[in-house]
Number of protein chains: 2
Amino acid sequence: MSDITPEDFEKIRNGTRTSFRFVENTGIDLLEYGRGLARLMMPLEGNINHVGMMYAGALFTLAEIPGGTLFGSAFDTKRFYPIVGELSIRYKKPAMGDAFVTARLSDDEIEQITADLEEKGRAKYVLDLEITDADGDVLATTSGTYFGLSF
Amino acid sequence: MSDITPEDFEKIRNGTRTSFRFVENTGIDLLEYGRGLARLMMPLEGNINHVGMMYAGALFTLAEIPGGTLFGSAFDTKRFYPIVGELSIRYKKPAMGDAFVTARLSDDEIEQITADLEEKGRAKYVLDLEITDADGDVLATTSGTYFGLSF
């Protein structure tokens, strides 16, 4: 879990789950959180599509949200905010249960993004992720490009 | 509108809006429909993100759904169903209002997909779309690869 209290975690978890209505409707949950680390879960329940598997858009959301969660874990969200520039998702296997993702920013990446935000007021970062099922089988792979911008 | 009655359109529109919960929660709507044609709208209301624009995942959903709508417009959905294989979305401009997309399959594409479904029981099709605002300004561009499969 790293460097935050259980109370802080619950606060951040709640913020992630209810940050806005679209996200809240999906039932997404934050499982682990620390500086440069976010693990999230998308429940199958409520996100089933026309053929009985998790809808593509719910998996997209599970891949997209960590870009913001990680941003909040490492940068000054009073001065800067994250926004997604592009995202590609490749579906590998039908999601017949809950789906999981672990996203990380390395110390080097955090240092570079911090420097860019401070010097230029903007920064770019890329997250390549694997979405897995509970057994660790890959359901989808994604590549997202995000920007940190000044308010 | 082409080749369907107003009653049929309302039935298909209702089916599109309420096909499963994730989609219903977004408030997506079908504006035009015909063989090889689908125009859809995603409302800003209910889909606003942490910085006051339409959430990336709502725009993704607006781009993804037409692949299924078009499939239903041209192929035998009692025998075959569509599924998305991959989708890339590039965000061009913040969506500060409702968003729109028009998706088409040409007669040639319909003929080829029909032949592949009948002969191989599966077919692949690609949709490259532009999502626009009410003024026609491009909010996002997308490329999606879909498969038609046998039940």
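Reader: In which handedness does H3(A) pass H3(B)?

Author: In this predicted model, the crossing of H3(A) past H3(B) is right-handed. Ala56(A), Gly57(A), Phe60(A) and Glu64(A) make the contact on one helix, and Ala56(B), Gly57(B), Phe60(B) and Glu64(B) make it on the other.

Reader: Why would residues three or four places apart point the same way?

Author: An α-helix has 3.6 residues a turn, so such residues point the same way. Here, the contact residues of H3(A) include Gly57(A), Phe60(A) and Glu64(A).

Reader: At what angle do the axes of H3(A) and H3(B) cross?

Author: Angles over 145 degrees count as roughly antiparallel. The two axes come within 10 Å and cross at roughly 150°, which makes H3(A) roughly antiparallel to H3(B).

Reader: How far apart are the end C-alpha atoms of helix H3 of chain B?

Author: They are 29 Å apart. At 1.5 Å a residue, the 19 residues, 56–74, should span 27 Å, so the two values agree.

Reader: How many residues of H3(B) are buried?

Author: Buried means under 20% relative accessible area. In H3(B), 17 of the 19 residues are buried, so the helix is largely enclosed by the rest of the structure.

Reader: Is Thr142(B) buried or exposed?

Author: Thr142(B) has a relative accessible area of 6%, so it is buried. Thr142(B) belongs to strand S6 of chain B, residues 138–150. Leaving aside residues up to four places away in sequence, Thr142(B) touches Ala63(B), Leu87(B), Ser88(B), Ile89(B), Leu127(B), Asp128(B), Leu129(B) and Ile131(B).

Key
Residues numbered from 1 in each chain as written. Chains lettered and ligands numbered in written order. Predicted model: local features only at pLDDT ≥ 70, side-chain atom pairs only at ≥ 80, totals over all residues. Heavy atoms only, no water. Helix = DSSP H or I, 4+ residues; strand = E, 2+ residues; numbered from the N terminus. Expected span 1.5 Å × (residues − 1). Buried < 20%, exposed > 50% of the residue type's maximum accessible area, 1.4 Å probe, protein only. Axes fitted to C-alpha atoms, helices over the stretch in contact; angles between N-to-C directions. Parallel < 35°, antiparallel > 145°, perpendicular 65-115°, else oblique. Left-handed = near helix turned anticlockwise from the far one by under 90°. Contact = heavy atoms within 4.5 Å.
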